[in-house]
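Hi everyone, thanks for coming. Let's take a few minutes to look at a structure together, starting from the whole chain and ending at one residue.

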Amino acid sequence: MAQKGLLVVISSPSGGGKSTIIRKILSEGDPRYRYSISATTRAMRPNEQDGIDYWFVDESGFEEMIRKDELVEFERVHGHLYGTPVKPIEKWLQEGRIVFFDIDVMGAFAVQRRFPQQTLMIFIAPPDLETLKQRLVGRGTEASEAVRIRLQRVPMEMEMAKRFEFTVINRDLSRSVARVKKIIAGRLDERHDGVKK
């Protein structure tokens, strides 16, 4: 039987460009696309909306989700809890959707462990550390201490990237978007060929 649905897990260090790439692809309006909205205990940033960018919950609400086994994965990152609700994922897989995940490297492997046959792993790498630092400072959403904490994780994240199926170096947004779309199309073609044989 043909596999239904594809989970496209896109990860990068903070400021690597994963969110921008996903938003660009989703804006094209392909009806197969869905976006996995993570739950988080961090504060909402300006221009973010609950239920669109994240599900914003408090610590006790998040811990309740953990107790009820309602999360595919969860982790404390930069002092805040982040997690992926499982129910929409299972529904979209059954419907044959292409589901995008914008999550950190540890969460990425948790999704892969839970859905090994349906998961495609793509790491978005910055051209270099200085470019990454400039992007983080330039977006102006965090204090310098928060930027420093995020940069401390980069060596670990780059090491974990070696275990991803694909790495896209994000020098140019339009080229990175095209590369991610090509990787997804290639995986879908592989499945199609596998079904026909």
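So, how many helices and strands does the secondary structure of the protein chain come to? It comes to eight helices and nine strands, where helices (H or I, at least four residues) and strands (E, at least two) are DSSP runs numbered from the N terminus. The radius of gyration, taken over C-alpha atoms, is 17 Å, close to the 16 Å that the globule rule gives for 197 residues, so the chain is as compact as a globular protein of that length. That rule is 2.2 Å times the number of residues to the power 0.38.

A quick word on what you're seeing: this is a predicted model, where local features need pLDDT of at least 70 and side-chain atom pairs pLDDT 80 or more, while totals for chains, interfaces and linings use all residues. Residues are numbered from 1 along each chain as its sequence is written, and side-chain values use heavy atoms, without hydrogens and water.

Buried residues, meaning under 20% relative accessible area with a 1.4 Å probe and protein chains only, make up 46% of the 197.

Now please find Glu73, in strand S5, residues 71-77. Glu73 is buried yet has no salt bridge (a side-chain nitrogen of Lys or Arg within 4 Å of a carboxyl oxygen of Asp or Glu). The nearest side chain of opposite charge, Arg113, is 8.0 Å away. What Glu73 does have is a side-chain polar contact with the side chain of Thr84, at 2.5 Å; here that means N or O atoms within 3.5 Å, one able to donate a hydrogen and the other to accept it. Beyond four places in sequence, residues in contact with Glu73 (heavy atoms within 4.5 Å) include Tyr82, Ile103 and Val111.

How values were computed:
Buried means under 20% relative accessible area, exposed over 50%, partly exposed in between (1.4 Å probe, protein chains only). Lys and Arg count as positive and Asp and Glu as negative; His and the chain ends are not counted.
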